[in-house]
Structures are given as structure tokens and as C-alpha cells.
There are 2 protein chains.
Amino acid sequence: MEFSSKLLEKAVNEMAQLPGIGKRTALRLVLHLLKQPAEQTQFLSNALTTMREEIKFCKSCHNISDVDVCEICNNSNRNHQIICVVEDVRDVMAIENTNQFKGVYHVLGGKISPIDGVGPSQLNITSLVEKAKLGQVEELIFALSSTMEGDTTNFYIYKQIKDLPIKTSTIARGIAVGDELEYADEVTLGRSILNRIPFDFSIK
Amino acid sequence: MEFSSKLLEKAVNEMAQLPGIGKRTALRLVLHLLKQPAEQTQFLSNALTTMREEIKFCKSCHNISDVDVCEICNNSNRNHQIICVVEDVRDVMAIENTNQFKGVYHVLGGKISPIDGVGPSQLNITSLVEKAKLGQVEELIFALSSTMEGDTTNFYIYKQIKDLPIKTSTIARGIAVGDELEYADEVTLGRSILNRIPFDFSIK
């Protein structure tokens, strides 16, 4: 791609560094910004820079936060004895949306994945194990995705806390509500039969 | 979507203003920036702001440029009597890539589109007509997309210069090289028969 302007080229190249944004998409986005009032670009740049520089991670759960200890960890109405272990902030948002969980979270910041060069030391695992050893934790819920990396991470954490008097659980795997059985994959369908639960017509 | 941080929320909202970027994609991009070194966000913000503030449009053809008159308009080896009328800078880049055109360009900055609120006065049409009236122009090549808006724009410009001794042409519409006839739409196929050209086995 040959650009008529170095400034344009630089902006497109920087934009194309973002995941899933190719050069053509980057050019489309940058040309859109050029058509909009200059303030929009200013607002976007400022929001990104301020966010990158000033954002904090909760000292307790490592979730993204504007303060040292996030709202969830600071909330005395929540059950601090149940910790839900998740991969990143998006999972916290997803589970919070369900309104079904009243415990607290621990954000690992990723999964153990040797192929991507992510080892246990790059994740927030040590602080989780230390928290568990303090004796205040009753249950750890593993809510990582059920991939090889997720299972590895679950097992790695489990090995370190298995001698502590802590219950461990994983979220249920099964057929999604509203899904047709015939389109479900065999592994999920198989697990949903093995892990069947007592019928209760009052559960929606 | 509920965010655990106002800074994160603001960055995501600004990012989601870009066309084709929804809230989820914006969140993914912003979280990616958070995982990268802070310089990457800084580089991106700087490139965007500098580009938006310092970029110029060529005084002659309105193409994006770093200088007052762009390289193409400044090149005495190019034929300044043939002007190719295009919608935006991407079309200039696409035609330049073919290495088949040695004239100059005129970038309209859009197409007449009442439905999007774009009238002739928002486009660089007046300067094109003035350039044509100076008597140095031999041919105008309309290279807008063949949509209703493109055809309207072509016709609007044509009406204003039709009494001048200027040849007008449009780029050929037909079956793309390598395409199968059976999958071509009827309008394109029809035009390709009406506008057939003498057979020449030397053309690749």
C-alpha cells in the first residue's frame, strides 16, 4: 500500500497494530476520523492515553479499577469466602450481568499457554494461593473456558491448594438454554448427561 | 455493559464511535492496549492526533498530502490535461497501484447523496469546474463507483462542463478478469456486451 502522506501512513500503521484490524480497515477508520471534527480524534487519543496511564488493578482481585481496591472487593455485602477464578475483566462483567453470583472474583489475567509463551509466573496465581492459605476462603469456583489451556490452569492452581480445607468447583458445562440437542457437540452433550441434576420444575 | 472503571468505559466508548467497531470489539481492542507496553498506546494516540492536526489536502487535487501541492500534481512527467475524477484517497491509491494511469487526479471527497445529507456544495466540485474552464484540460475520466450516487455526481459535473471542449469518459464496466460469466450479474454482463471492444490477442 503506497500512501500519499507520511502522517497518514503512520496513523494507519499504528492503527493496524490492533488485533483484528488490517491495513485496509485501519485506513477506513483513519479516513473516517479525518472526516469528523478534530475533537473526536482528540477525545479518542486522550481517552486512550489517560486510560493506559491512570488505570489501576485492584490489589485484591486484580480486576481493572479506578481505585486501589475495586468496588466488588470493597463491598461487605458480598461473600468474601467464595472466590470465582476468571481469566479477564470481560468474564467478571459477564458473570456480574447474570446477577447470580454474590461472592468475589480473582482475575488471573490469562491462561497458562506454553504455545503463546504464557507461564504461571505471568499470571496472578501466587496471590490467589496466598489468599487461599490465609484460611478465609471456603470455595474456589474455576470459571475458565474449557479448553486445554483453561484445564491446565485449573489443574495447576488445584495442585497448589489441594491440601487446604477449600472446596473447589467448576461452572457447569452443558447444553445452553434454548439450544437444540441435535446441534450440540458430543463432548458437551456427553458431559451434560454425566453431570445431570435432579429435575426441579421451579428452576427457570 | 457495566464497567468496573470509568477510565475503561470512556476509552471503550470513544473507540466504539469508529465505524464498524461495536462495544465488544472496542473492549477487546482497549484490553489489548492494556496488555501491551504503554508506549504502544502513546504511539497510537500521537500518530492519530498529529495526523488529524497536521495533514494537508493538495490545493490542486484535494488528495491527502504532507505538502501544499501533492507529489502527483507536482510531477511534470504526468499528463496534466487528463484528470481522473475519484471519490476519495483510497481510489487514488488503487488506481496508482495499477501503474496504468499517467494523468492527474481530482478527489471529490464523496458522492452526491441526499439520503446521507451530502450535497454538491460539500464536495470539491467547484474547483474541478474552475480548473476545466481554464482551458488546459483535455479529458475528464469519471471513476466513481457505478451506484445511483456515483451516476448522479457524474451527471451533475457533466452538466456544468458539457459546453466546454472537454472529452468526458467513464472507466469500463464489465466482467472482472478471471471471473466466470455465469456468476456475473445481468447489468454488468449486458454492459460488457454493449461496450464490447475489438479483439486484440496482445492485450493481457
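How many residues does the contact take from chain A and from chain B? Before I answer, a reminder that what we're looking at is a predicted model. Okay: chain A puts in 52 residues, and chain B puts in 52 residues.

Now the area. Between them, chain A and chain B bury about 5,000 Å², and 70% of that sits on carbon and sulfur atoms. On the chain A side, the residues that lose the most area to chain B are Leu7(A), Leu34(A) and Arg52(A), which together make up 14% of what that side buries.

What about polar links? The count comes to 15 residue pairs in polar contact between chain A and chain B. Salt bridges across this interface, by the rule used here: zero.

So where on chain A does this surface come from? H3(A) has the largest share, with 15 residues. Sort that side of chain A by class and you get 26 nonpolar, 14 polar and twelve charged residues.

Last stop, the aromatics. Over all chains, the structure holds two aromatic pairs. Take Phe101(A) and Tyr105(A): their ring centres are 5.2 Å apart and their planes sit at 65°, so this is an edge-to-face pair, the cut-off being over 60 degrees. Are these two residues buried or exposed? Phe101(A) has 11% relative accessibility, so it counts as buried. Tyr105(A) is at 1%, so Tyr105(A) counts as buried too.

Technical notes
Residues numbered from 1 in each chain as written. Chains lettered and ligands numbered in written order. Predicted model: local features only at pLDDT ≥ 70, side-chain atom pairs only at ≥ 80, totals over all residues. Heavy atoms only, no water. Contact = heavy atoms within 4.5 Å. Buried area = accessible area lost by both parts, 1.4 Å probe. Salt bridge = Lys/Arg side-chain N within 4 Å of Asp/Glu carboxyl O. Polar contact = N/O pair within 3.5 Å; in protein donor to acceptor, adjacent residues only side chain to side chain. Helix = DSSP H or I, 4+ residues; strand = E, 2+ residues; numbered from the N terminus. Nonpolar A, V, L, I, M, F, W, Y, C, P; charged D, E, K, R; others polar. Phe/Tyr/Trp six-rings, centres within 6.5 Å; stacked < 30°, edge-to-face > 60°. Buried < 20%, exposed > 50% of the residue type's maximum accessible area, 1.4 Å probe, protein only.
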